[in-house]
Amino acid sequence: ASDVYKRQGKNNRKYRFCFIDYMWYVAEKWSEREHSNLNGRMLLFLCWLFAITIPLGIPLMFRFFSWIVALVIVMLFCLLPSIFCKLRYTAGHRKVISEHYRDMKHIGRRLAKIILISIALAVGNAVLMFYLGFIYRA
């Protein structure tokens with residue numbers, strides 16, 4: 001099998017690894033090592049919230065919908081990472097991801113890079129939304 005696909009378990013199921021799996025695994029390992037609340041699900045939620053929902057979703061929704069409809073849509077958007085994690089990271093998939101990334105070192109540095117990339121995306125999105133006129137000074 002190639003690096004992208006791995007056959008695991010009795011059902012011979014293929015798994016494809018992506019950057020989101022990497023992020024989830026790094027946060028899970030950090031949570032195990034440091035006994036912190038920043039697990040994989042929380043990191044994906046925070047990245048989704050600060051890099052996508054707040055800078056892109058909220059201005060667009062409030063511009064095109066009434067405030068109550070936009071608020072409901074934003075709240076539903078906030079549930080997406082949790083639903084995604086519940087569906088994607090089953091016990092079998094967790095095991096496969098752990099085996100795939102088992103030799104990973106320097107978890108703290110990797111986590112810091114992920115957080116810095118998320119902050120850069122959030123700032124870039126906010127600047128772009130300001131430049132395009134979705135966010136403006138009152």
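The accessible surface of this protein chain comes to about 9500 Å², and 65% of that belongs to carbon and sulfur atoms. Areas here come from the Shrake-Rupley method with a 1.4 Å probe, and for residues only the protein chains shown count as cover.

A word on the source. This is a predicted model, where local features need pLDDT of at least 70, side-chain atom pairs count only at pLDDT 80 or more, and totals for chains, interfaces and linings use all residues. Residues are numbered from 1 along each chain as its sequence is written, and side-chain values use heavy atoms, with hydrogens and water left out.

Now the layout. The chain has 5 helices and 2 strands. From the N terminus, the order is β-β-α-α-α-α-α. Helices (H or I, at least four residues) and strands (E, at least two) are DSSP runs, numbered from the N terminus.

How much of the chain is buried? Of the 138 residues, 29% are buried. Buried means under 20% relative accessible area, exposed means over 50%, and partly exposed is in between, with a 1.4 Å probe and protein chains only.

Next, contacts, meaning heavy atoms within 4.5 Å. Take those with a separation of 6 or more: residues 24 or more positions apart account for 66% of them.

Let's go to helix α2, residues 40–64. Its buried residues include Leu43, Leu44, Cys47, Thr53 and Met61. What covers the buried residues of α2? The cover includes α1 (19–34), α3 (67–88) and α5 (107–132).

Stop at Thr53. Thr53 has a relative accessible area of 0%, so it counts as buried. Leaving aside neighbours within four places in sequence, Thr53 contacts Trp48, Ile58, Val74 and Phe77. Where does α2 kink? The kink lies at Thr53, shortly before the proline Pro55, and is about 55°. That bend is the angle between two fitted axes: one for the seven residues ending at the residue, one for the seven starting there.

Asn39 is partly exposed, because its relative accessible area is 28%. The side chain of Asn39 reaches the backbone nitrogen of Met42 at 2.9 Å. Beyond four places in sequence, Asn39 touches Ala27, Glu28 and Ser31. Asn39 and Met23 are 16 residues apart along the chain, with their C-alpha atoms separated by 9.8 Å.

His35 is in that loop between α1 and α2 too. With a relative accessible area of 70%, His35 is exposed. Phi of His35 is near 55°, a positive value in a residue other than glycine. Here is the background: most residues other than glycine have a negative phi. His106 also has a positive phi, about 60°, and is not a glycine. His106 lies in the loop between α4 and α5, and at 48% relative accessibility it counts as partly exposed.

On to the inside. A nonpolar core is a set of buried Ala, Val, Leu, Ile, Met, Phe, Trp, Tyr and Cys residues joined through side-chain atoms within 4.5 Å. The largest one has 21 residues, and those with the most contacts inside it include Trp24, Leu43, Tyr101 and Met104. Which elements give two or more residues to this core? They are α1, α2, α4 (91–100) and α5. The largest share, 6 residues, comes from α1. Met104 touches Tyr22, Tyr25, Val26 and Arg110, not counting residues up to four places away in sequence.

Last topic: rings. The structure holds 7 aromatic pairs. Rings of Phe, Tyr and Trp (its six-membered ring) pair if their centres lie within 6.5 Å; planes under 30 degrees apart are stacked, over 60 edge-to-face, and the rest tilted. Tyr22 and Tyr101 form an edge-to-face pair, 5.9 Å centre to centre, with 65° between the planes. Tyr22 and Tyr101 are both buried.

Phe84 and Tyr89 form an edge-to-face pair as well, at 6.1 Å centre to centre and 85° between the planes. Phe84 is partly exposed at 33% relative accessible area, whereas Tyr89 is buried at 3%. Finally, Phe17, Phe19, Tyr22, Tyr25 and Tyr101 form one aromatic cluster.

Definitions and conventions. A polar contact is a pair of N or O atoms within 3.5 Å; within protein, one must be able to donate a hydrogen and the other to accept it, and residues adjacent in sequence count only if both atoms are side-chain atoms.
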